[in-house]
Every structure is written in structure tokens, then in C-alpha cells.
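Reader: I have a chain on my screen and some questions about how it is put together. Can we go through them one by one?

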Amino acid sequence: LSDATYADLKTSYHVTPRRPYPPAQMDYLVKTAREAHQNGFATSFWISSGLFEVGCWERGYNQFMLDIADESDVVKLMFERMTAARLVEIEQVVSALGPDVDIYCFGDDLAMQTGPFMSPRTFRSLIKPHLAQMYAREGAFVDWARFKLIGGDDLPGLSSAYVALRDAARKKADSFNQSLLD
């Protein structure tokens with residue numbers, strides 16, 4: 001897609017939700033999560049890769065970074081369509097696994113060890129509105145260190161949701177560790 005124009009992408013770029021899992025696989029995931037949860041383990045489930053990562057894969061890193069620097073309509077179109085697909089995926093996974101999963105994870109390499117790939121202003125304008133939609137679903141969680149690094153920590157409710165989930169996971173881990181010592 002590196003050479004595609006906005007007009008090309010508008011008519012040909014479609015993102016199909018990657019879920020649902022085949023019924024037998026989803027049954028296995030539900031059963032495994034339920035058993036782990038009932039046995040006192042903190043559970044997590046990886047839902048998908050992030051918008052930035054996928055954009056880089058599909059458009060090519062160099063071209064996508066140029067698109068982001070220009071805040072082009074190409075990026076906005078790709079993120080809108082990716083987000084629509086992710087919302088379907090999130091609903092399907094969270095509805096099936098429900099309360100047996102403590103933390104639902106998304107990942108996106110928004111930063112490297114030396115700093116973010118983009119400015120906080122660019123992040124807030126291009127990516128944050130889409131993340132807000134995805135994280136609005138109860139249970140959504142983000143790689144906090146990377147997210148905070150680029151100034152995303154002011155999403156309403158996300159800080160307190162992260163702390164609550166982290167504390168619940170720590171409590172379960174502490175309980176499990178103590179049971180090993182008893």
C-alpha cells in the first residue's frame with residue numbers, strides 16, 4: 001500500500017475484523033480462562049496489535065511516518081477503518097470471555113527506548129481518539145509505560161482503571177505466591 005493514494009485507499013482499503021475465533025477454539029479459551037480464574041490466577045488476553053504498528057506494516061514504515069508527519073487523510077482513513085474492525089473484535093472477545101479475564105491487552109509500538117515515534121500533539125490528534133473508543137469497553141488495557149511516555153495518560157478514567165487492574169492482578173499474584181509457601 002506504500003504507493004496508494006488517498007483516492008485509491010478510499011475505494012480499496014477495507015479492514016475485516018479478524019475474529020471471531022472458530023467455536024472450538026473460543027470454547028477452549030473460555031474454559032482455560034475460567035479454570036485459571038477460578039484457581040486464583042490473574043488472567044489476561046491479547047486482543048490485537050495497535051493501529052500504528054499495523055499502519056507501518058501495511059503502508060511501509062517510511063511512507064507511514066511521512067503520512068503521520070503530514071497528518072494526512074490517508075492516516076485518518078486507515079485509523080478509522082482499523083478502529084471500526086477493532087471495535088467488533090473487542091466486543092466479540094470480551095463478550096465471550098467476560099469476567100474470567102482480568103485484563104484485555106492491546107499493543108502498539110508507539111515509542112522506542114529513546115523516545116516516542118511522534119510528538120504528543122500528533123499522538124493526541126491522530127491516535128488518541130481511536131484508542132479512546134477501544135478503551136471505552138470495560139476491561140481494556142494498554143501497555144502503560146509506552147502510553148504514558150507519549151502523554152496518553154490523560155484519557156478519562158484510564159489511569160484509575162489501570163491502577164485498579166494492576167492492584168487486582170498483584171493481589172491475585174501475592175495470594176498465589178503465598179499458597180506456594182504454605
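Author: Contact here means heavy atoms within 4.5 Å. The model is a predicted one.

Reader: Leaving aside neighbours within four places in sequence, which residues is histidine 130 in contact with?
Author: Histidine 130 is found in helix α6, residues 120-135. Neighbours within four places in sequence are left aside. The contacts of histidine 130 are then Leu51, Phe79, Glu80 and Thr83.

Reader: Is histidine 130 buried or exposed?
Author: Buried means under 20% relative accessible area. The relative accessible area of histidine 130 is 11%. Histidine 130 is therefore buried.

Reader: What pattern does the chain follow along the sequence?
Author: The chain holds eight helices and five strands. Read along the sequence, their order is α-α-β-α-α-α-β-β-β-α-β-α-α.

Reader: What span should helix α5 have, at 1.5 Å a residue?
Author: Helix α5 covers residues 73-97, which is 25 residues. The expected span is 1.5 Å times one less than the number of residues.

Reader: Which residue just after α5 takes a positive phi?
Author: The phi is about 45 degrees. The residue just after α5 that takes it is glycine 98.

Reader: Where is glutamate 71, and what is its phi near?
Author: Most residues other than glycine have a negative phi. Glutamate 71 has a positive one. Its place is the loop between α4 (61-70) and α5. The phi of glutamate 71 is near 50 degrees.

Reader: Does glutamate 71 count as buried or exposed?
Author: The cut-off for buried is under 20% relative accessible area. Glutamate 71 has 18% relative accessibility. So glutamate 71 counts as buried.

Reader: How do α3 and α5 cross: parallel or oblique?
Author: Helix α3 takes in residues 51-59. The axes of α3 and α5 come within 10 Å and cross at roughly 120 degrees. That angle makes α3 oblique to α5.

Reader: Is the crossing of α3 and α5 left-handed or right-handed, and which residues of α5 does α3 meet?
Author: The crossing of α3 and α5 is right-handed. From α3 come Leu51, Phe52, Val54, Gly55, Glu58 and Arg59. In α5 they meet Val74, Met78, Phe79, Met82, Thr83 and Arg86.

Reader: What about α3 and α4: parallel or oblique?
Author: The axes of α3 and α4 come within 6 Å. They cross at roughly 125 degrees. The two helices are therefore oblique to each other.

Reader: Which residues of α4 does α3 meet?
Author: α3 passes α4 in a right-handed crossing. Phe52, Gly55, Cys56 and Arg59 take part from α3. In α4 they meet Tyr61, Gln63, Phe64, Met65, Asp67 and Ile68.

Reader: How far apart in space are aspartate 27 and leucine 97?
Author: Aspartate 27 lies in helix α2, residues 23-38. Aspartate 27 is exposed, with a relative accessible area of 53%. In sequence, aspartate 27 and leucine 97 are 70 residues apart. In space, C-alpha to C-alpha, they are apart by 9.4 Å.

Reader: How much of the chain counts as buried?
Author: The chain has 182 residues. The share of them that counts as buried is 43%.

Definitions and conventions:
Residues numbered from 1 in each chain as written. Predicted model: local features only at pLDDT ≥ 70, side-chain atom pairs only at ≥ 80, totals over all residues. Heavy atoms only, no water. Helix = DSSP H or I, 4+ residues; strand = E, 2+ residues; numbered from the N terminus. Buried < 20%, exposed > 50% of the residue type's maximum accessible area, 1.4 Å probe, protein only. Axes fitted to C-alpha atoms, helices over the stretch in contact; angles between N-to-C directions. Parallel < 35°, antiparallel > 145°, perpendicular 65-115°, else oblique. Left-handed = near helix turned anticlockwise from the far one by under 90°.
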